[in-house]
Amino acid sequence: MSLLDSMKVPKKRFVVITSKDLVEEDRQAFRNHGKLLEYDYHLVNVDFETLEFDYLVCDIREKSHREALIKHDLTNYQVVCYVNFYERAEDFVRQINERNPEANVLTKIPKRSINREYFEKSLLEEKLVSPSLVKQILRVLFSCFLKQ
């Protein structure tokens with residue numbers, strides 16, 4: 001079995017929930033691998049199932065987008081939250097994860113990938129982070145503070 005075979009992603013469409021603006025480079029990354037649809041207020045009464053897309057982008061900052069996300073069953077989709085690094089612990093991320101426990105949180109859209117399966121796998125997997133000396137020092141100080 002090759003590496004690419006072991007990386008097969010179940011075929012579901014993606015809902016990408018953003019809290020920051022998509023730049024053209026991000027849009028192009030999605031377009032390179034499928035049909036991108038950016039949700040707009042004129043779609044407010046349209047069921048997600050009837051829309052043609054591989055990647056549907058909803059901006060959580062927009063009220064009509066939040067209302068649409070509440071109305072639809074997100075378990076039928078692969079859900080990715082695309083947020084700023086300081087928003088990873090926001091309430092809306094927790095709420096999305098409660099509705100779809102498989103949702104992933106990204107701070108960067110993968111720009112390069114060899115094919116669609118690899119791109120989608122990159123969207124769904126949490127990235128490994130490098131060790132942080134600052135975080136480790138803060139943890140030690142915090143634990144010392146709690147012991148006193």
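**Group meeting: a walk through the model**

Let's start with Tyr82, which is found in strand β4, residues 78-82. Before I go on, this is a predicted model, where local features need pLDDT of at least 70, side-chain atom pairs count only at pLDDT 80 or more, and totals for chains, interfaces and linings use all residues. Residues are numbered from 1 along each chain as its sequence is written, and side-chain values use heavy atoms, with hydrogens and water left out. When I say helix or strand, I mean DSSP runs numbered from the N terminus: H or I with at least four residues for helices, E with at least two for strands.

So, is Tyr82 buried or exposed? Tyr82 is buried, at 4% relative accessibility. Buried here means under 20% relative accessible area, exposed means over 50%, and partly exposed is in between, with a 1.4 Å probe and protein chains only. Leaving aside residues up to four places away in sequence, Tyr82 touches a list of residues including Val16, Ile17, Leu22, Leu106 and Ile109; contact means heavy atoms within 4.5 Å. Lys108 is also one of the residues it touches, and the C-alpha atoms of Tyr82 and Lys108 are separated by 7.1 Å, although the two are 26 residues apart along the chain. The side chain of Tyr82 also makes a polar contact with the side chain of Asp26, at 2.9 Å. A polar contact is a pair of N or O atoms within 3.5 Å; within protein, one must be able to donate a hydrogen and the other to accept it, and residues adjacent in sequence count only if both atoms are side-chain atoms.

Next up, helix α5. At the N-terminal end, Asn115 caps α5, with a side-chain oxygen 3.2 Å from the backbone nitrogen of Glu117.

Now salt bridges, meaning a side-chain nitrogen of Lys or Arg within 4 Å of a carboxyl oxygen of Asp or Glu. How many does the structure hold? There are 11. Arg116 is partly exposed at 23%, whereas Glu120 is buried at 3%.

Another salt bridge joins Asp21 and Arg61, with the closest N and O atoms 2.7 Å apart. This pair links distant parts of the chain, 40 residues apart: Asp21 is in the loop between β1 and α2, and Arg61 is in the loop between β3 and α3 (63-71). Asp21 is exposed at 55%, and Arg61 is partly exposed at 42%. Together with Asp59, they are linked in a network of salt bridges.

Glu38 is partly exposed, at 33% relative accessibility.
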